[in-house]
Amino acid sequence: MHHFSHDDSGALLAESVPLVKIGAEVGTPTYVYSEATLSRHFSVFDGAFREVPHLICYSVKANSSRAVLELFAKFGTGADIVSGGELARVLTAGIPAERIVFSGVGKTREEMEAALVAGILSFNVESEGELLVLGEVASALGKVAPVSLRVNPNIDAKTHPYIATGLADSKFGIPIEDAPRLAQEVSRQRSLSLVGIDCHIGSQLTSIEPLLEALDSVLALVDVLRAAGHQHIEHVDLGGGLGINYKGETPPHPNELGDAVAAKMAGRSERIILEPGRVIVGNAGLLLSRVLYVKRTKDKTFVVLDAAMNDLLRPALYGAHHEIWPVQKHAGGESIIADVVGPVCETGDRFAEARKLPALQPGDLVAIMSAGAYGFSMASSYNSRALPAEVMVSGDRFSVVRRRQKIEDLMRDETVPPWYGTESPKGGQP
Ligand code: LLP
């Protein structure tokens, strides 16, 4: 459930704020988030696991904006991070180090050091090579690194191949059959301690069965490891992945997962960790954009927006579907079938193909829905387009939480080689 809806006059509101007001005052393209939706999604997800000792480690990559992180920090969330940048962000937002898990197949020594110094809850280790480097880095700092082995349970998450991570041919995780050997390696090293077992099988899952299958595999592994003498396993981390409704999907309610997990964890001592991203933020944000042109060719109608694939990459990268809503509905208005595209010089810069829409005119505002997850966090400045602004809405208030990037910002970190000023160029055009 989210708090974006049209009122009786056909105006689209974010909570009680008309989006036309945000469009006029902040400009477009702009990401708009609903605080009430973020709060509700967080508390529903957290509440779903009330029967079991648990920790929610919000997956920061889904939306790492400061206003989102600080809101979740107030709720007492933990964080699932994948880089030194995300570590710095979550610590700055006030998420305590002892609630942070660090995932990812390519952690650098510097990132490991920063996380060890901060004192994070666990490193989700994804290979033997990484384990050995972590041991070295921890030993050099005189610390003990808490390790959770991320295993790959070889389960088909039945999702888009780009976001499936639990099959044997994936770059993620340690083949589950190798885990006992790596656990022995952890025991051998004084600078490592095995505190958990972890998995993440994919994203935008619309059924809980693959997650439960993964949990069964992980729990069976924990039992084997305990029997082999690894007594310090404190947690089992099931990763993230619960899907949302983009286009009429019917993903399971978090309670369904919570109840099933509680049943499997009954009588066990481990705490369960979850790393949800999309399910919390996905439907809590939209991308507000303005129609620049309506272009008609012999075969097609194109609605050209001022937002593009650099602002919201999901449709171009995954062929993902996002609903597109008019910001002002007109009763009984005509409709068109159009491709909705952006200004970037790529054929793939398309938000929708042959979509039925109200007859839009240049200057009209539209909302690209379900853009709160992997929206701004995947934005780039391709085509030298400045990054969009972000706005947080709460009730009848709104605040710009990231100003629109300026063109000067785009060029700020660049320079030219010093010899450009002293030598005349060789070659080139006369
Ligand atoms: N934990 C780990 C280790 C992950 O790799 C991910 C997502 C999550 C948790 C959170 O998954 P979620 O609950 O959001 O499904 N850019 C893609 C999604 C990539 C997901 C990457 N990993 C998209 O826009 O669909």
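How many nonpolar, polar and charged residues does the lining of the largest pocket have?

## Largest pocket

In this predicted model, the lining of the largest pocket has 10 nonpolar, 10 polar and 10 charged residues. The pocket holds about 640 Å³ of space. Lining it are 30 residues, of which Lys61, Thr165, Phe172, His200 and Tyr374 are the closest to its centre.

The largest pocket lies between domain 1 (4-32 + 282-410) and domain 2 (104-274), because both domains give residues to its lining.

## Ligand site

The ligand sits in the largest pocket. Around the ligand are 19 residues, and Ser203, Glu275, Arg314, Tyr318 and Tyr374 come nearest. Tyr374 is also among the lining residues closest to the centre of the largest pocket. By class, the shell around the ligand consists of five nonpolar, eight polar and six charged residues. Domain 1 (4-32 + 282-410) and domain 2 (104-274) each supply at least three residues to this shell.

## Polar contacts and cover

On the backbone side, an N or O atom of Gly241 lies 2.9 Å from a ligand oxygen, and a polar backbone atom of Arg278 is 2.8 Å from a ligand oxygen. From the side chain of Arg314, a polar atom lies 2.6 Å from an oxygen atom of the ligand. On its own the ligand has 590 Å² of accessible area, and the protein covers 92% of that area.

## Second largest pocket

The second largest pocket contains about 490 Å³ of space. It is lined by 23 residues, with Met1, His41, Ile244, Asn245 and Asn283 the closest to its centre.

Conventions:
Residues are numbered from 1 along each chain as its sequence is written. This is a predicted model: local features need pLDDT of at least 70, side-chain atom pairs count only at pLDDT 80 or more; totals for chains, interfaces and linings use all residues. Side-chain values use heavy atoms; hydrogens and water are left out. A residue is near a molecule or strand if one of its heavy atoms lies within 4 Å of it. A polar contact is a pair of N or O atoms within 3.5 Å; within protein, one must be able to donate a hydrogen and the other to accept it, and residues adjacent in sequence count only if both atoms are side-chain atoms. Accessible areas come from the Shrake-Rupley method with a 1.4 Å probe; for residues, only the protein chains shown count as cover. On a 1 Å grid over the protein atoms alone, a cavity is a set of points where a 1.4 Å probe fits but cannot get out, and a pocket is an open set with protein on both sides within 12 Å along at least five of seven lines; lining residues have an atom within 4 Å of a point. A molecule sits in a cavity or pocket if more than half of its atoms lie within 2 Å of its grid points. Ala, Val, Leu, Ile, Met, Phe, Trp, Tyr, Cys and Pro count as nonpolar, Asp, Glu, Lys and Arg as charged, and the others, Gly among them, as polar. Domain bounds come from an automatic or database domain assignment. Grid points are joined across faces, edges and corners, and a volume is the space filled by probe spheres set on the points.
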